[in-house]
Amino acid sequence: MDKGSRTGITVVIADDHPPIIDCVASHLSTADFTVVGTAQNGEEAVIVVEQSHPLVCVADVKMPRLDGLELARRAVVSAPDTAVLLYSGVSDKVLVSDALDAGAHGFALKDAPLEDLS
């Protein structure tokens with residue numbers, strides 16, 4: 001089955017706060033995305049991405065065990081067809097630049113409307 005054929009775009013959500021995962025998953029599910037996995041730390045996120053090869057991984061920059069920047073670096077190698085979108089509560093031009101340099105395809109702020117993720 002094509003990764004995007006179930007109900008839309010496949011996505012993995014990684015955040016160390018379960019309510020954030022639930023909120024983002026709920027929103028994306030109503031926007032024709034199929035959540036194929038979640039993770040609460042960066043190490044777990046790498047495993048889930050490598051196993052499910054989603055089209056998109058939405059991940060927090062600051063997570064335990066492995067941050068979002070390193071997740072993006074590893075995904076570029078182990079799941080090159082997965083676009084990593086990092087998000088953070090901190091608006092910092094250097095952080096955005098670091099995220100893009102790490103291989104992230106985009107960067108969003110946590111205080112932006114959820115519609116910005118879809």
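For this tour, Lys and Arg count as positive and Asp and Glu as negative, while His and the chain ends are not counted; the place of a charge is taken as NZ of Lys, CZ of Arg, CG of Asp or CD of Glu. You are looking at a predicted model, where local features need pLDDT of at least 70, side-chain atom pairs count only at pLDDT 80 or more, and totals for chains, interfaces and linings use all residues. Residues are numbered from 1 along each chain as its sequence is written, and side-chain values use heavy atoms, with hydrogens and water left out.

Select Lys, Arg, Asp and Glu to begin. The chain has 8 positive and 18 negative charges, and their mean positions lie 4 Å apart.

Next, switch to a cartoon. You will find four helices and five strands, in the order β-α-β-α-β-α-β-α-β from the N terminus. These are DSSP runs: helices are H or I with at least four residues, strands E with at least two.

Zoom out to the C-alpha trace, which spans about 40 × 30 × 20 Å along its principal axes.

Now show the surface. Of the 118 residues, 42% are buried, meaning under 20% relative accessible area with a 1.4 Å probe, protein chains only.

Finally, colour by pLDDT, the predictor's confidence in each residue from 0 to 100. The chain's mean is 90, and 92% of its residues reach 70 or more. Then select residues 1-6, where pLDDT is below 50; beyond near neighbours in sequence, this stretch has eleven contacts in the model (heavy atoms within 4.5 Å). Where pLDDT is low, the predicted coordinates should not be read in detail.

How values were computed. Buried means under 20% relative accessible area, exposed over 50%, partly exposed in between (1.4 Å probe, protein chains only).
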